[in-house]
Amino acid sequence: MAKRGKKRPGKVWFKFTLFGLPWEARIALDDVVTKFEGERCQAVCYMSDRWMLFSHDMTHEQFRATLAHELQHAIEDHADVDYEKGVKLETHDR
């Protein structure tokens, strides 16, 4: 029998396929969204487990922009692109 992983927080927003692999986007309360680098984030992308977690407290436009941002992280990770080398964090994240 397959080992069950830890239950993911929040509710499923939608599921999608990227490069033939299944992904999941979830929405959770602000206090549930993981802190990254000690700062509050609107979303977090868990590349190895292929899911994203988004804060529920955003406008529709913020959701669209944040989804595009997190998808870019997933695409870069899949393609083994590393923009962190040689640029400042602000530039990399932008």
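Which residue stands opposite Trp51 in β4? Glu24 does. This is a predicted model, in which local features need pLDDT of at least 70, side-chain atom pairs count only at pLDDT 80 or more, and totals for chains, interfaces and linings use all residues. Residues are numbered from 1 along each chain as its sequence is written, and side-chain values use heavy atoms, with hydrogens and water left out.

**Burial of β4**
- Strand β4 covers residues 51-55, strands being DSSP runs (E, at least two residues) numbered from the N terminus.
- Five of its five residues are buried, that is, under 20% relative accessible area with a 1.4 Å probe and protein chains only.
- Trp51, Leu53 and Ser55 point one way from β4, while Met52 and Phe54 point the other way.
- In a regular strand, side chains alternate between the two faces of the sheet.

**Pairing of β4**
- Strands pair if DSSP finds at least two bridges between them.
- Strand β2 (residues 21-28) runs parallel to β4, joined by five bridges.
- Strand β3 (residues 43-46) pairs with β4 in the antiparallel sense over four bridges.
- Cys45 stands opposite Met52, and Tyr46 has Trp51 as its bridge partner.

**Hairpin of β3 and β4**
- Four residues lie between the two strands, and Arg50 takes a positive phi near 55° in this hairpin.

Terms used
Buried means under 20% relative accessible area, exposed over 50%, partly exposed in between (1.4 Å probe, protein chains only).
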